[in-house]
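Hi,

Here is the structure I promised to pass on. Have a look at it first, and then read my notes below.

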Amino acid sequence: MPEPRAQKGRLMLSYEEARRKVIEQIGKKRGPRAISSVSVWDALGLVLAQEIKTDREYPPFDRSTRDGYAVRSIEAAPGTELLCVGEIKAGDTVTKPLAVGTCVQIMTGAAVPPGADAVVMIEHTQRDGDIVRFERAAQAGQNIVPRGSEARAGQTILTPGTRLGYTELALAAQVGAAQLQCAKRPRVAILSTGDEVVLVDQTPGEFQIRNSNSVSLAAQVRIAGGEPVVLGNAPDRVEELSERMTQGLKEDALVLSGGVSMGKYDLVEKVLRAMGAEFFFDAVAIRPGKPAVFGMCQGKPVFGLPGNPVSTMVTFELFVVPSIDLLSGAAARPLPLFEARLAEALKEKPGLAHFLPAQIEWEGPAPQVRALPWQGSGDIAALARANCFLVVPADREKIEAGEHVSVLPRKDIV
Ligand code: AMP
Ligand code: MG
């Protein structure tokens, strides 16, 4: 069978186009998501599948943001004195209006009494017995957050598709949403391939290697919000590959490592094609990661990531992370690229975008980024010393020190 090696690279895209393709295809296929009810204590990183509305106004009362004195602002001119008639602490029930010519001591978080329209910070007053002297002019509304100004009663504050970070969880907790309807984590099958690969707890022969890709991929799936289903390693043989892939296609997505290059034993595409896969790209203009493949097979997204460990990691970040977002019912997160000044001049082969292990330094006046020495896409140790990838665009051969370059943080550690 001459196919598919002769065709490899026919569908080469830039990484931006390739991401768009993934997002477009998975966006099309998305069906209704499986949902479960999860305690707010356990929902970190999940995607919300319901609207959350406020149970009352926020804040529920005119709230003081300072320790000080609640006053009528016109009565608290510089040099004036008012009689302090009591104190209000956070949690106190407040109904009695503030009498004219008086003030009341108030604590942060307490309700401002009716009639008062400002809180003067304690630092701007002098107290002698029950007499409080004001040092500067009070402005109406100062140090008060009015009732309902953060949210109205019944207002939607969280929408379906929101990924729940600690702030979103706090917001849900604030309005009493103790149980949340969340999308179940997409189950992502992970299958490593290669005759040379042995289990992590095995002693490899001299020319064998341990299966580190399944470990990194499982971690990346977890960080992205998916549930890894690790299927081990398949040797480079058609029967074993198709058997394991059939198993993998029962999950929401299948991620393979290895077997997508041009070698005689790179069989992943061939086997997937025989199983009915349609490919949307089979190469990406990046290094590392050029042979990456994406297709849909039996209605499921399938990623064939190159086996060299750093290639596997980079292509996962670029293409699988947005897929896990979409499969969770969230929008695909944009790549969190930012700009920094290049510390040392660089020269890379043009035609491919390069993702180089690099170190971003925040200590100086502006962030600086420096590429680290490395031995290429097999060098896990170099990436472990890096906190980001420096992205060299495909159309640049040389970049001078001081120029601005794009940086992709290793968001698991930065
Ligand atoms: P391949 O993409 O199949 O040509 O694999 C390229 C290289 O990646 C292999 O020669 C191995 O050195 C390495 N590799 C492949 N699979 C794994 C794996 N599961 N864990 C770690 N390294 C791997
Ligand atoms: Mg291989």
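Which residues are exposed on the other side of H4? They are Glu239 and Glu243. Before I go on, please keep in mind that this is a predicted model.

H4 spans residues 238–248, and Leu241, Met245 and Gly248 are buried in it. These three sit on the same side of H4, because they cover an arc of only 50° around the axis. The partners that the buried residues of H4 pack against are strand S14 (187–193), strand S17 (227–234), strand S18 (253–257) and helix H5 (268–274).

Some of those strands turn up again in an open sheet. Six strands make up this sheet, in the order S17-S14-S18-S23-S22-S19, with mixed pairing. S17 and strand S19 (278–281) are its edge strands, each pairing on one side only. From one strand to the next, the twist averages 20°. Ile190 stands opposite Val230 of S17. Helix H6 lies across S14, S18, S19 and strand S23 (300–305), and runs at about 170° to S23.

In soluble globular proteins, nonpolar side chains tend to be buried together. Here the largest nonpolar core has 42 residues, and the members that touch the most others are Tyr15, Phe303, Phe316, Phe319 and Phe355. Helix H6 (residues 309–327) gives the largest share of this core, with 11 residues. There is also a second, separate core of 21 residues, with Val229, Val268, Val271 and Val293 among them.

S9 pairs with strand S10 (residues 131–134) in the antiparallel sense, over four bridges. Within that pair, Gln126 stands opposite Arg133 in S10.

Arg273, which lies in helix H5, is 140 residues from Arg133 in sequence and 84 Å from Arg133 in space, C-alpha to C-alpha. Arg273 has a relative accessibility of 23%, so this residue counts as partly exposed. For another pair, take Gly165 and Ile26: they are 139 residues apart in sequence and 24 Å apart in space, again C-alpha to C-alpha. Gly165 is in the loop between strand S12 (156–158) and helix H2 (166–174). With a relative accessible area of 22%, Gly165 is partly exposed.

Last, the cysteines, in case you were wondering. How many disulfides does the structure hold? The count is zero. Cys182 is buried, at 0% relative accessible area, and Cys388 is buried as well, at 1%.

Cheers

Definitions and conventions
Residues are numbered from 1 along each chain as its sequence is written. Chains are lettered from A and ligands numbered from 1 in the order in which they are written. This is a predicted model: local features need pLDDT of at least 70, side-chain atom pairs count only at pLDDT 80 or more; totals for chains, interfaces and linings use all residues. Side-chain values use heavy atoms; hydrogens and water are left out. A nonpolar core is a set of buried Ala, Val, Leu, Ile, Met, Phe, Trp, Tyr and Cys residues joined through side-chain atoms within 4.5 Å. Buried means under 20% relative accessible area, exposed over 50%, partly exposed in between (1.4 Å probe, protein chains only). Helices (H or I, at least four residues) and strands (E, at least two) are DSSP runs, numbered from the N terminus. A disulfide is a pair of cysteine sulfur atoms within 2.5 Å. The arc is that of the directions from the helix axis to the C-beta atoms. Contact means heavy atoms within 4.5 Å. Two strands pair if DSSP finds at least two bridges between them. Axes are lines fitted to C-alpha atoms, for helices over the stretch in contact, and angles run from 0 to 180 degrees between N-to-C directions.
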